[in-house]
Amino acid sequence: MFEVVKQGLETSVQELPGRIGYWEQGFPPSGPADAWSFRLANLLVGNDRDTAALECQFIGPTLRFGRDGVIALTGADMAAKLDDAPVPTWQTIPVRAGQMLTLGPAKGGVRAYIAFDGGIDTPVVLGSRATFHMAGVGGVDGYALKAGQSIPLGAPANAALRRVGEARRPVIAANGPRVVECMLGPNDDWLDAPGIDRFFSADWLVQAKSNRTGMRLTGPEFTFSARAHDKRPEHGRDPSNILDHGYPLGAINLAGQTPIILIQDAPSTGGFINPFTVPSAALWKLGQTRPGEIIHFRRVDMSEAQAMRRALDAACTDASLDPLA
Amino acid sequence: MIYDAPRFYPGGDRYIEVELGDEMGFELNFRVHSLAAAIRQAGISGMVELIPEMASLQVSYDPDCISYDDMVREVTTLAASAGGSEDVELDSRLYYVPVLYFDPWTTACVEDYRAKIADKTPDPELLCELNNLAGRRELVRHHSGTEYWVAALGFWPGLCSLMPLDPAHNLVAPKYNPPRTWTPKGTIGLGGAITCIYPDQTPGGYQIFARTPMPIWDREQKLPAFREDLALFRAGDRVRFIPIDREEWDHIDAQVTAGTYQHPDIGYQRFSLRKYRGWLAERAARGGAHV
């Protein structure tokens, strides 16, 4: 186990593939917002890549270890210290019982991941340990970590000491506008052609009102096709209204004129159109994009999205790890 | 309208929106659930999960197991053989939901909104006005005088969209603009032509006029009804609202608090479109329903 000394801004237990099979009752998948960093952290400590680990947002926690083992830190750099010494990210780190790990604010990106050998062993709720804290499901008693809690861990493995070379890591901190791949659909036929072009050419500013349910964007106005205007009254009055329907993860959900990118804890259904969707392999970028950053959406088709997904899947394997010299 | 064949729209590389029509109606929704049942039964390799909604369903698939095109082909075949059949029967539990109409909590919630956000006609009066009902008592008779069909669940865990099965009991109302920042747990609301039950204290936009002490979701799984599941309803269940008074509310509420409350459902029944249509025709022949 480890003890939570300081909880950080919002630190939660996450697991992959998340809560699957309960979406139709309104439970979102949850899981890590940056699954790439999450999986590399698990591999570095010798776990299966989908094992439960911690997601830290903006400001990380302070933890005291209850047993010897290894950990790994990936994702956003939160200037971690083990007792008083700085510790490197993207590599296996041996720790001893009683040592204290302190994380600070993210220097670039949003989310850091802390994996522990043996994984976090909190109860499985509806098939997953992933936290959906909006409704108090999963994680530690349903919510983000709180100071004073003791978090159970699985049995330690005998992990080799390894690192992820710089070329094999996701680029966490943005250097200029963030380019995020995006596909047409499901409801692109509710926009007109200029409306679609404008979406892909615009600068989209990420608003401060963004969290694990969605990221609100500011940008140019949307313009709509005949389908959005000439529809049955039960769809609702606004051009962006549609009969309640399912919401894909990664959807660009259009509420009036405000696009909201739906991420891990997003509502399952609702009455607004989703003209575009970020494919699965680009979701990790959203998990590391800070309010105030600019997003450019790059249009990709199904075959490119599939190629990206296969490449990312291959990057999340032991082949990305090197022995620590 | 109900389309002749489903229309497919990709949502990224893992989801498909399958649209069966573009109207709000029981027959179309029943087709959605028939198709969802057929997809589940077919056990398509690579099918991950389904979200049935009003006129569409979202299919999640694993692209490592099945391509978009192959999944579209599978669902098209299933829709052609099962989607429109009158003879489809679906499992459907009937739940009796005790309801205190015009309860003090939703009344206070509406007053709070009118004082702080925007002045509006109080929700019960607005519902009467828009639906030509003489007053609150008629609103209760009208709203509680039909079974409801659980057309969909979602947005929030356990939040259900209910359609009146007796068209004579349709009620309509606009949604709040702007939405409420809070709604008491267990509130009954109406927006468009849909009744909902708020499973927890959440924001909301439906006109509100009643509250149930019976939990429809329980994250702590204290009550027997939640041993298997955190949410009470599944799409395709039915609901009947039973008006209660304050004394009955307090009695149920005490049982819920003590963890001894038994949800009054009457188990599995089969619901068929053919029988439903027969019932509707019989009512029409009798000169329609009046409350």
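Buried area is the accessible area (1.4 Å probe) that two parts lose on being put together, summed over both. Keep that in mind for the first stop.

This is a predicted model, where local features need pLDDT of at least 70, side-chain atom pairs count only at pLDDT 80 or more, and totals for chains, interfaces and linings use all residues. Residues are numbered from 1 along each chain as its sequence is written.

**Stop one: the contact between the chains**

Select chain A and chain B. They bury about 3,800 Å² between them, and carbon and sulfur atoms give 54% of that area. Now pick A:Trp23, A:Glu24 and A:Gln25. These supply 19% of the area that chain A buries against chain B, more than any other three residues. The contact (heavy atoms within 4.5 Å) takes 46 residues from chain A and 44 residues from chain B.

**Stop two: a salt bridge**

Show the side chains of B:Glu19 and A:Arg227. They meet in a salt bridge at 2.8 Å, N to O. The term means a side-chain nitrogen of Lys or Arg within 4 Å of a carboxyl oxygen of Asp or Glu. Between chain A and chain B the count is four salt bridges.

**Stop three: the second largest pocket**

Select A:Leu16, A:Pro17, A:Arg39, A:Ser280 and B:Arg14. Of the 32 lining residues, these lie nearest the centre of the second largest pocket. A pocket, on a 1 Å grid over the protein atoms alone, is an open set of points where a 1.4 Å probe fits, with protein on both sides within 12 Å along at least five of seven lines; lining residues have an atom within 4 Å of a point.

Terms used
Chains are lettered from A and ligands numbered from 1 in the order in which they are written. Side-chain values use heavy atoms; hydrogens and water are left out.
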